[in-house]
Amino acid sequence: MKKILTITALLGVALLMVSCGESLEDTYKDYSGDGTSIRYVGRCRNISATPGWERILVQWTNNVDPVIKQIKIIWKYDEEADSVLLPAGTTEYSIEKVGGAGLGDRSFEITLTSVSEDGVESLPNTVYGRPYTNTHEEVLAFNRLVSSAYKLHDRAVLTFLQWQEGINAAHLTYTKKDGSQGYLELTPDLVAQKYYLIPDELDNNKPITVYRTAKLETCVDEIEFEPMEFDNTRVFNSDFQEDIRRVWGFDEIPEQWIESQTVLYLDGMSYNTIIDLLNFPNLKKVVLGAHRYFPESEVDDENYAQNAVLEPESSNFALQVLHELNGLVVERYNKHYPQLETTDFFVEKGMPFEPKVKLMDLKGKTFKVDPEDIMGYNSHIDRLTDGDFSTFWEPMRTTDAYQYQLSIDLGELKGISGVKIVQRKWENEQEQQVAPKYVRVLLSEDGINWGYATYLEQYPIGAANGEACYINFPATFGARYVMLMIPSGFYFSLNFTSIAEISFY
């Protein structure tokens, strides 16, 4: 009977251990050669490594083995390693350093063992963890919230990106004109406005700083992004900057030039947005389409005779702010940028007059074309210099695309300030899509060494029916030879192009 009770008691202890989530395998796993059991220290269960903000939170369930006196955690990345000994009964630990330095954006191998009083360790448990940092891809997926800050004297305009799910809170600070600190809470409703003129007068020599926090489901901590500062650096959209380079040649737009601009002409191309005008603090007038010259019959042609703005909302906002702060007026020729809101500070100017330039006499001179006409085909290259805008040059339609080289010998070295190109008048408006939208202009003194005559190697031109395109050079250059490189266009499975007239001034 006593033996039965002993066995029953042992079974009860075993069941109790199993019910506590333990296994006899943890403590009585192996046997020596004489059959004596080798005792192992009980190891912990349910190990997890949860990423936090610049830390890894390790959690576990302790073993009930009474010999356990400490919990040992080792974490390492390549050759870097660190460790800690914790009192028995501890159930979590926050890993924040390795070798005295921050963890960085790395994945660590984390090993946890139970340690007995005499230093014997349990079998190890190994997990892996990676903290969230500013360079973690999930953190980088959050946008900046504030896209840009345009500073105009003592005022500032903010443009916003989308308020993303997971952002907890955001605000920005700035220095007011009187030296006190300004504060603006950013909310989903405010950000949804996309644009905002800060009502306070600012000291714009001081930065505007944006603060953001966010929460990810897989992160145990709130994410606190690094503060983002907007200083006095001006940022331009690429298409707007390219158009300034077309006219002025700036690779980097000088601050002094920006400050001196009171009038800007926009007519070189269509833009995504003209919000870049907010970079010009002293702007008083914007002139639209003053340098595009085509017959009045083409004014309503939306495809070729009207420059466009693809983001009218931001563009209208910029014009309105500049009108409010600077008294800006807008002069518009023809019907360019019809997407813009016509306000009481818009002045419609009608048709612009072509500039008065002295055209060179090209009588008796004919362009050479490469590739040349073949198989007896006559592209009428002579019509480019006949002074008749109703005639045109048109190379053979082919399945191959070409960059046509039109070169001419002026007979002697001459001073050249620009090129005038007149587009053909197309009867078939669908074919008009092959009209050249850009050209390359090169000059040479000897016909061997060539240089580009414009700031942009690929110079954009208008493609309206009968449009006269004036390409002004940065200076008057001496040249005997002129070459225009013109690409073919694609229409109905064939490549070709056409021009009515080319002349120089």
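Predicted model: local features only at pLDDT ≥ 70, side-chain atom pairs only at ≥ 80, totals over all residues.

Reader: What makes S12 and S13 a pair?

Author: Strands are DSSP runs of E with at least two residues, helices are runs of H or I with at least four, and both are numbered from the N terminus. S12 and S13 (residues 155–160) are joined by six bridges in the antiparallel sense; pairing asks for at least two DSSP bridges, so they qualify.

Reader: Which strands make up the sheet, and in what order?

Author: The order is S12-S13-S16, an open sheet of three strands with antiparallel pairing. Strand S12 (146–152) and strand S16 (195–197) are its edge strands, as each pairs on one side only. On average, neighbouring strands are turned by 15° against each other, direction ignored.

Reader: Which helix lies across these strands, and at what angle to S16?

Author: Helix H7 (residues 312–326) lies across S12, S13 and S16, at about 10° to S16. Contact means heavy atoms within 4.5 Å; axes are lines fitted to C-alpha atoms, for helices over the stretch in contact, with angles from 0 to 180 degrees between N-to-C directions.

Reader: What makes a space a pocket and not a cavity?

Author: On a 1 Å grid over the protein atoms alone, a cavity holds points where a 1.4 Å probe fits but cannot get out, whereas a pocket is an open set with protein on both sides within 12 Å along at least five of seven lines; lining residues have an atom within 4 Å of a point. The second largest pocket has a volume of about 470 Å³. Its lining has 25 residues, with Ser147, Ser148, Tyr150, Thr159 and Ile275 nearest the centre.

Reader: Which elements supply this lining?

Author: S12, S13, strand S19 (228–230) and H7 give at least two residues each, and S12 has the largest share, four residues.

Reader: How big is the largest pocket, and what lies closest to its centre?

Author: The largest pocket holds about 880 Å³. It is lined by 40 residues, and Arg246, Asp267, Gly268, His291 and Tyr459 are the closest to its centre. S29 gives the largest share of that lining, seven residues.

How values were computed. Residues numbered from 1 in each chain as written. Heavy atoms only, no water. Points joined across faces, edges and corners; volume = space filled by probe spheres on them.
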